[in-house]
Number of protein chains: 2
Amino acid sequence: MSEGPVKFLLSERDIPTRWINLLGEIPGQPLPPLSPRTLEPAGPADLTPIFPMGLIEQEVSSQPEIEIPAPVLEAYRLWRPTPLYRAHRLERELGTPAHIYYKYEGVSPSGSHKPNTAVAQAYENARAGAKRLCTETGAGQWGSSLAFACSLFGLECEVFMVGSSYDQKPYRRSMMQTWGASVHRSPSTLTESGRAQQAHPTGSLGIAISEAVEVAASRDDTNYALGSVLNHVLLHQTVIGQEATLQMQLAGEQPDVVIGCVGGGSNFAGLAFPFMRAQLRGEAQTRFLAAEPSACPTLTRGEFRYDYGDTGGLTPLMAMYTLGHDFVPPPVHAGGLRYHGDAPMLCALVRAGLIEARAYRQNETFEAAVRFARSEGIIPAPEPAHAIRAVIEEAEAAREAGEQRVILFGLCGHGNFDLAAYDAYLAGELEDPEFSEQELSDALARLPEAPAIA
Amino acid sequence: MSEGPVKFLLSERDIPTRWINLLGEIPGQPLPPLSPRTLEPAGPADLTPIFPMGLIEQEVSSQPEIEIPAPVLEAYRLWRPTPLYRAHRLERELGTPAHIYYKYEGVSPSGSHKPNTAVAQAYENARAGAKRLCTETGAGQWGSSLAFACSLFGLECEVFMVGSSYDQKPYRRSMMQTWGASVHRSPSTLTESGRAQQAHPTGSLGIAISEAVEVAASRDDTNYALGSVLNHVLLHQTVIGQEATLQMQLAGEQPDVVIGCVGGGSNFAGLAFPFMRAQLRGEAQTRFLAAEPSACPTLTRGEFRYDYGDTGGLTPLMAMYTLGHDFVPPPVHAGGLRYHGDAPMLCALVRAGLIEARAYRQNETFEAAVRFARSEGIIPAPEPAHAIRAVIEEAEAAREAGEQRVILFGLCGHGNFDLAAYDAYLAGELEDPEFSEQELSDALARLPEAPAIA
């Protein structure tokens with residue numbers, strides 16, 4: 001029974017004091033965001049109506065490391081460092097010679113990795129004198145994390161929640177309200193962007209972003225906060241990979257492959273970027289594997305080009321793999337992965353061949369999640385269930401090849417608020433929506449003209 | 001911002017390897033359980049139809065320490081050691097000179113302290129060749145923990161869930177099913193005990209216990225498992241207090257008062273007994289404070305006498321504070337505290353004046369819980385909200401007295417499955433049921449004759 005430690009735990013002294021910034025090291029030519037009005041490169045001034053200067057500086061910085069402010073570190077101590085597990089029981093269940101490790105972010109108050117950036121964003125906004133933050137949320141992980149962070153820094157919080165998740169996860173709404181936030185079902189009738197999308201009652205992240213940006217832009221005391229995609233969000237999440245690096249050293253191993261799910265990309269980047277830096281500098285040889293839903297296959301089926309971050313076209317255009325900013329994915333339970341694009345930094349790494357992407361159907365990810373829950377105990381959120389599916393493929397490939405590969409993946413959140421989806425899966429009633437070629441070409445045909453990318 | 005550490009973390013090497021057994025040190029004369037048929041002292045033979053011998057031996061042992069079997073320790077490593085927090089933010093919010101610490105058991109897979117005994121019980125039953133465990137659950141914390149434990153040790157699991165909780169917390173049922181258990185709403189029509197109680201559709205722990213015991217007694221391959229009250233259950237929970245003892249040493253402090261909520265008593269005992277041993281041996285001077293609901297005030301309003309553990313009168317009679325075994329408490333959200341009696345070991349300590357008990361109304365516990373969530377981040381289950389209410393009283397008393405008291409309390413679970421109750425509280429719609437004198441005297445009048453207690 002004793003194959004060595006199950007958990008690799010750090011002390012508070014080991015919480016990273018700096019974030020890792022990969023922006024200056026991304027291969028290929030820089031592709032700056034473009035102003036939605038002029039289609040010219042957007043500068044900090046384009047962002048000041050909705051972001052505080054502290055975050056804009058982080059967004060555009062090419063410093064390799066950025067110091068974490070003391071009040072943010074203080075907030076991190078409420079749940080960090082998070083544990084790294086060795087999945088001995090899953091390895092036995094799979095009969096694989098692979099060593100499987102997972103970094104578990106579900107121990108945070110809201111149950112996912114999202115507070116890592118929420119507290120950093122709430123702090124910078126409070127420091128800049130904002131009174132209120134407005135945001136969107138898909139599965140509710142981000143909205144509840146921002147509600148929690150706002151309660152720590154004395155800010156009001158207003159959340160537009162994607163309709164399909166609002167209906168599937170009523171308790172995520174209660175959680176936000178318990179931390180003092182107000183929550184609207186999106187598309188709402190409170191904004192122009194929402195009123196224009198009443199024909200899509202399930203909503204999408206793109207629509208909810210438009211609503212939140214519109215509110216933030218229209219009020220002087222209100223800023224906007226985004227839970228993924230942007231450079232500064234990916235930056236904040238790198239505490240995950242830095243801790244995992246220390247913990248893998250404690251375990252005496254180096255990962256051969258790093259696996260994460262990708263929606264907007266911040267969970268993946270948070271775990272992978274510290275390892276990616278070693279890779280880019282020639283200090284390690286690691287594979288990187290991004291898992292996404294077949295129902296919203298941005299990295300595997302999207303087009304690499306400039307597109308808006310939101311459905312209404314209010315945000316700057318970013319160079320990314322996109323399905324088209326008005327593409328509305330089927331309402332899969334992995335609400336955090338229902339985004340039409342991906343973080344530009346992550347896309348550049350995929351384009352450079354440094355990250356491999358795979359897409360999975362909803363049912364096969366839940367099959368993997370139940371297998372994980374019954375061996376490791378933790379019930380995963382539907383988003384990291386995609387990563388677990390990829391882990392099982394890798395572990396089985398290692399068994400076939402007779403190789404002792406070391407696999408590290410991000411278990412970015414628990415599934416305590418997703419049990420209705422598990423219910424449906426166990427009853428054999430979970431839908432398994434597939435992506436349609438027609439929808440893709442229609443959405444791409446509606447894309448705005450923007451500078452071509454070589 | 002830096003008042004010292006927020007968390008005191010241990011490594012896997014610090015997980016206790018022995019349970020602390022207080023049975024031989026309880027003050028007063030021993031009051032053995034009585035057979036429900038003969039009203040004579042019950043021996044191990046009375047328990048063999050529903051419990052494996054390994055647990056019966058633990059139940060009656062007076063050894064001061066009992067070694068934890070290696071496979072149980074192996075399972076503990078999936079979530080233990082759990083963190084001890086210093087509540088700096090709550091202290092600031094209360095403006096108190098008190099130092100407030102909490103031991104957080106919500107990091108376990110099912111989100112509470114219950115797996116500490118669930119894995120120990122599943123292991124002993126699997127070792128004895130049982131094929132299936134049958135149990136009751138109130139709030140669902142115990143049932144989901146046993147479902148989890150059974151999935152680790154290859155046992156089937158069948159759960160009778162108290163009706164009011166079944167309706168309030170559908171996702172607890174889904175969680176049990178995800179770990180492979182089958183779940184029935186109690187009172188059910190599957191058992192004689194359930195059919196006799198159809199007039200009480202909200203159910204109670206006492207009724208659900210009768211149903212589970214009836215099923216276990218009628219099937220050779222099925223044993224019964226209880227989540228609290230019994231000596232061996234309290235024993236298993238002492239890993240909590242042993243870790244907390246080490247962690248308080250790391251913090252360089254001794255608790256002046258130890259606080260926990262009490263339903264059946266295992267959470268309270270788990271934290272308190274290791275400190276109580278030091279107290280009984282004259283090595284410490286600590287106050288102990290038990291918090292219970294006004295709606296089910298066993299320790300503060302019950303009668304100390306022999307009574308059945310279940311509503312149907314199938315279990316041995318135990319000497320305890322009881323409201324009468326057929327008392328059905330109002331459906332407060334702290335389902336884990338809706339039990340008519342209390343652990344005999346705990347009751348003996350209350351009777352000896354070593355533990356003080358206080359009862360709280362539902363709304364004042366939720367007020368305390370929301371205050372805690374908005375300062376410390378973690379949303380507590382309704383059960384430990386009772387402890388938090390008592391902590392706030394103690395911290396405010398310390399402020400009035402100008403004393404720097406050290407308070408340690410058990411945060412035995414998170415409230416992720418209790419958000420409907422938070423919804424009702426925040427909307428001002430939470431009921432605040434009080435206990436009625438008439439109900440108490442009626443229930444006590446229906447009690448069976450049993451030997452008087454001096």
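Predicted model: local features only at pLDDT ≥ 70, side-chain atom pairs only at ≥ 80, totals over all residues.
Two strands count as paired if DSSP finds at least two bridges between them.

Take chain B to begin with. Here 4 strands make up an open sheet with parallel pairing, and their order is 8-7-6-9. Strand 8 (182-186) and strand 9 (222-224) of chain B are the edge strands, each pairing on one side only. Going from one strand to the next, the twist averages 25°. Inside this sheet, strand 6 (residues 132-137) and strand 7 (residues 156-162) of chain B run in the parallel sense and share 6 bridges. One spot to look for is B:Thr137, which sits opposite B:Met161 in strand 7 of chain B. Helix 6 of chain B packs on the sheet and touches both strand 6 and strand 7 of chain B. The direction of helix 6 makes about 165° with that of strand 6 of chain B.

Strand 1 of chain A pairs with strand 4 (residues 84-86) of chain A in the antiparallel sense, over 2 bridges. In that pairing, A:Phe8 stands opposite A:Leu84 in strand 4 of chain A.

Rotating chain B by 180°, with 0.0 Å of shift along the axis, superposes it on chain A with an RMSD of 0.0 Å. That is the relation of a two-fold axis. Both copies use the same surface, as 100% of the contact residues of chain B recur in chain A.

The contact takes 51 residues from chain B and 51 residues from chain A. About 4300 Å² is buried between the chains, and carbon and sulfur atoms give 54% of that area. B:Leu78, B:Tyr171 and B:Thr178 supply 16% of the area that chain B buries against chain A, more than any other three residues. Across the interface there are 4 salt bridges. A:Arg173 forms a salt bridge with B:Asp423, with the closest N and O atoms 3.3 Å apart. There are also 26 residue pairs in polar contact between chain B and chain A. Several helices of chain B each supply at least two residues to the side that touches chain A, including helix 3 (70-76) and helix 17 (419-426). Helix 8 of chain B gives the largest share of that side, with 7 residues.

Most residues other than glycine have a negative phi, and most peptide bonds are trans. A:Leu39, however, has a positive phi of about 60° although it is not a glycine. This residue lies in the loop between strand 2 (18-20) and helix 1 (44-47) of chain A. The peptide bond from A:Arg80 to A:Pro81 is cis, with omega near -5°. A:Pro81 is in the loop between helix 3 (70-76) and strand 4 of chain A.

Terms used. Residues numbered from 1 in each chain as written. Chains lettered and ligands numbered in written order. Heavy atoms only, no water. Least-squares fit on C-alpha atoms with pLDDT ≥ 70 in both. Contact = heavy atoms within 4.5 Å. Buried area = accessible area lost by both parts, 1.4 Å probe. Salt bridge = Lys/Arg side-chain N within 4 Å of Asp/Glu carboxyl O. Polar contact = N/O pair within 3.5 Å; in protein donor to acceptor, adjacent residues only side chain to side chain. Axes fitted to C-alpha atoms, helices over the stretch in contact; angles between N-to-C directions.
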